[in-house]
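Please look over the sequence and the model shown here before reading on.

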Amino acid sequence: MSAARMLVEHGHDVTVFEKSRGAGGRAARRRRDGFEFDHGAQYFTARSRVFRDHVNAWQQEGVVEEWSGKVVSLGTNEKRSPTVRYVGVPGMSSVARSMGRGVKMYCGHRVDSVVRGTAGWTLHFEGGNAAGPFENLLLTMPAPQASALLSTACTPLAERCDAVRMSPCWATMLVFQTRLDVDFDAAFVETPGPLRWLARNSSKPRRPAGETWVIHARPDWTLENLERSPEAIVECMTKALDDVVETRVQPLLSIAHRWRHALVERPLGESCLYDDERRIGAAGDWCLGPRIECAFHSGMSAAARIVGARYEP
């Protein structure tokens with residue numbers, strides 16, 4: 001969305017095709033039975049001046065607020081340094097929706113292949129439909145998915161994507177009848193077991209009332225259990241949460257979601273990929289690192305390559 005926003009502001013006619021029901025990718029929000037969960041990215045930080053300026057603008061717009069919840073580390077005596085954490089409001093996907101205003105977007109369109117002809121790039125979708133031609137094509141999905149499309153469209157870029165390593169993550173969303181008796185709102189889990197992160201989602205600003213939690217599994221545990229049923233994952237992760245918080249509370253609602261490409265473990269090491277001759281490129285957090293800010297800068301850098309501008313994060 002950062003790439004689309006910059007291209008629109010430079011006067012380009014931009015069309016976004018999204019395979020999911022809405023924009024935002026892993027900065028996602030799940031709704032169920034009146035409850036809501038940020039089941040992907042939990043928050044974001046702002047380190048660079050450029051990104052801080054955008055965050056300030058989003059705060060003025062009312063789509064971002066600081067999350068002042070107490071975040072701790074469990075299983076270590078090391079204290080975490082104070083960090084300003086931001087969240088989209090009323091959910092993490094709000095930022096992407098804000099950036100997408102005025103951009104032509106077609107959701108529920110999964111691209112199966114891309115073909116370059118004399119007039120530009122044509123996209124072929126699951127189900128047999130197609131769109132194009134387009135002068136420029138930018139792929140902003142996770143690196144393994146970008147590589148699959150680039151393998152026939154631009155082999156050198158596909159090979160660069162293959163150098164990136166991303167790991168999966170099982171996420172579980174839970175609703176409890178009463179408040180869990182813990183003295184924190186979120187925790188990085190350093191003890192042995194399946195869990196890596198847990199958070200009281202309802203502690204974030206402008207979330208619906210209710211005791212809602214999101215817990216993330218470790219990448220290695222997720223990989224070992226990648227093909228297990230959601231029901232089995234819920235059982236395992238709920239028990240692990242019981243062990244960590246030393247309580248035995250039965251959830252009213254439980255949902256598991258598998259993110260196949262959740263965390264960037266080995267980034268590309270540059271802001272984006274782009275072939276000037278073939279007019280095709282790729283961008284994402286996987287170019288620079290596992291943060292929303294990295295995804296933002298990667299998209300802006302790719303758009304700058306298309307318009308021939310200079311971009312400095």
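The points below are grouped by topic, and they describe a predicted model. Two helix pairs come up in turn, α1 with α8, whose axes are 7 Å apart, and α4 with α5, whose axes are also given as 7 Å apart. The largest nonpolar core has 35 residues, and the largest share of this core, five residues, comes from α8.

**Helix α1 against helix α8**

- Helix α1 (residues 2–9) packs against helix α8 (residues 292–307) at an angle of about 35 degrees, and the crossing of the two is right-handed.
- On the α1 side the contact is made by Ser2, Ala3, Met6 and Leu7, and these meet a set of residues in α8 that includes Ala295, Phe296, Gly299, Met300 and Ala303.
- Sorted by class, this contact of α1 with α8 holds ten nonpolar residues and two polar ones, with no charged residue.

**Helix α4 against helix α5**

- Helix α4 (residues 143–153) and helix α5 (residues 155–162) pack at an angle of about 160 degrees; because angles over 145 degrees count as roughly antiparallel, the two helices are described as roughly antiparallel to each other.
- The crossing of α4 and α5 is left-handed.
- Ala143, Ala146, Ser147, Leu150, Ser151 and Ala153 of α4 meet Thr155, Leu157, Ala158, Cys161 and Asp162 of α5, and the residues of this contact divide into seven nonpolar, three polar and one charged.
- Buried residues of α4 are Ala143, Ala146, Ser147, Leu149, Leu150 and Ala153, and the elements that cover them include α5 as well as the strands β8 (111–117), β9 (120–125), β11 (137–139), β12 (165–176) and β18 (280–282).

**Nonpolar cores**

- Within the core of 35 residues, those with the most contacts are Val55, Trp58, Val64 and Phe296.
- Elements giving two or more residues to this core include the helices α1, α2 (49–61), α3 (94–99) and α8, together with strands such as β4 (64–67) and β6 (85–88).
- Another core, of 25 residues, lies apart from that one, and among its residues are Trp121, Leu137, Leu139 and Cys154.
- Val64, leaving aside residues up to four places away in sequence, touches Phe44, Val55, Trp58, Gln59, Tyr86, Val87, Gly88, Val89 and Val95.

**Ala46 in its loop**

- Ala46 sits in the loop between β3 (35–37) and α2, and it counts as buried because its relative accessibility is 18%, the cut-off for buried being under 20%.
- When residues up to four places away in sequence are not counted, Ala46 touches Phe51, Arg52, Val55, Tyr86 and Glu293.
- Ala46 and Ala148 are 102 residues apart in sequence, and their C-alpha atoms are 32 Å apart in space.

**Backbone details**

- Most residues other than glycine have a negative phi, and most peptide bonds are trans.
- Val89 and Pro90 are joined by a cis peptide bond with omega of about 5 degrees, and Pro90 lies in the loop between β6 and α3.
- A cis peptide bond also joins Gly132 and Pro133, with omega of about 0 degrees, and Pro133 is found in strand β10 (residues 130–134).
- Glu246, which is not a glycine, has a positive phi of about 55 degrees; Glu246 is placed in the loop between α7 (230–245) and β16 (253–266), where it is exposed, with a relative accessible area of 72%.
- Arg279, likewise not a glycine, has a positive phi of about 60 degrees and is found in the loop between β17 (273–275) and β18.

Definitions and conventions:
Residues numbered from 1 in each chain as written. Predicted model: local features only at pLDDT ≥ 70, side-chain atom pairs only at ≥ 80, totals over all residues. Heavy atoms only, no water. Axes fitted to C-alpha atoms, helices over the stretch in contact; angles between N-to-C directions. Helix = DSSP H or I, 4+ residues; strand = E, 2+ residues; numbered from the N terminus. Left-handed = near helix turned anticlockwise from the far one by under 90°. Contact = heavy atoms within 4.5 Å. Nonpolar A, V, L, I, M, F, W, Y, C, P; charged D, E, K, R; others polar. Parallel < 35°, antiparallel > 145°, perpendicular 65-115°, else oblique. Core = buried A, V, L, I, M, F, W, Y, C linked by side-chain atoms within 4.5 Å. Buried < 20%, exposed > 50% of the residue type's maximum accessible area, 1.4 Å probe, protein only.
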